[in-house]
Amino acid sequence: MPASPSHAPLRLPHVACALVLLVLLAGCGAGGIAGTDLGGATERAHVDGVPGPPGAAASPSPSPSAPEPSPVPAEIPGLGPRTRAAIPAGARQAFVVTGESPDSHTSTAVLYTRDGPTGPGWRAALPPWPAHNALNGWTDEHREGDLRSPVGVFTLTAAGGRLAPPDTAFPYDLSPDFAVTGEGFQGEPLEGSFDYVVAIDYNRVPGTSPLDHTRPLGEERGGGIWIHVDHGGPTQGCVSVTEDRMKQLLGVLDPALQPVIVMGDAQSLRR
């Protein structure tokens, strides 16, 4: 703090004044130019989040032995609190299918994974894939014949198909009954669509063959909702991806990781 000025004028020899000025300049250079004091304090103030004018003293940095705060777990992008809460705590794989709009039959699918409920959080395990959903889009209350895919979070517990599976950990029902013929809504052939499928546990008994027609919610609530091979157009209620991606999905889904599918239009998933 500067001393109070004296009432009597103080006259110093010119040499003494020069020495005092030289000392003051050397002090500014050590702090302002070299940055050992001012620069370091300003940088720490930004890191520690301490507001104040430049050069203000910052609180000392934590010692190397101090524990670092735990990182905030990463959440799956695009999901609101209600949707996130519907994902079981033990689930470590989530196949997220996001529709463009409530009435759109095109969507994007991404597989997310996490190391555990207390791990570093969700991360994308595969790049985004284009996908199809039902002709009329999405619904919170799926009904037989409405041509809409159900919105929600559903477990994935069984697979099957007309062709022998790639390496997969899922129970797989290999059966000729997965054969399909005819045309889709845009005139595209349906043949091969069920060569590989993963059953979505909507209105079905988990763990049974995708061909099991048991409907716990009643026949009027529809069923037979699968992930299957894309035929180039909208589905009746399922989600479809291309054959090579269907094989890839079967290869990485693991029942031990309690996989789920999170599906719906973007607006619904943000709830």
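Predicted model: local features only at pLDDT ≥ 70, side-chain atom pairs only at ≥ 80, totals over all residues.
How do the residues of the lining of the largest pocket divide into nonpolar, polar and charged?

View 1. Residues are numbered from 1 along each chain as its sequence is written, and side-chain values use heavy atoms, with hydrogens and water left out. The lining splits into 12 nonpolar, 13 polar and 7 charged residues (Ala, Val, Leu, Ile, Met, Phe, Trp, Tyr, Cys and Pro count as nonpolar, Asp, Glu, Lys and Arg as charged, the others, Gly among them, as polar). That makes 32 lining residues, with Phe194, Gly223, Gly224, Gln236 and Cys238 nearest the pocket centre. A pocket here is an open set of points on a 1 Å grid where a 1.4 Å probe fits, with protein on both sides within 12 Å along at least five of seven lines; lining residues have an atom within 4 Å of a point. The space inside is about 620 Å³, a volume filled by probe spheres set on the points, which are joined across faces, edges and corners.

**View 2. The largest nonpolar core.** It holds 29 residues, and Phe95, Ile200, Ile227 and Ile261 touch the most other members. Such a core is a set of buried (under 20% relative accessible area, 1.4 Å probe, protein chains only) Ala, Val, Leu, Ile, Met, Phe, Trp, Tyr and Cys residues joined through side-chain atoms within 4.5 Å. Look for a second, separate core too: 12 residues, including Ala91 and Val110.

**View 3. Around Ile227.** Skipping neighbours within four places in sequence, Ile227 is in contact (heavy atoms within 4.5 Å) with residues including Phe95, Leu156, Tyr196, Met246 and Ile261.

Conventions:
Buried < 20%, exposed > 50% of the residue type's maximum accessible area, 1.4 Å probe, protein only.
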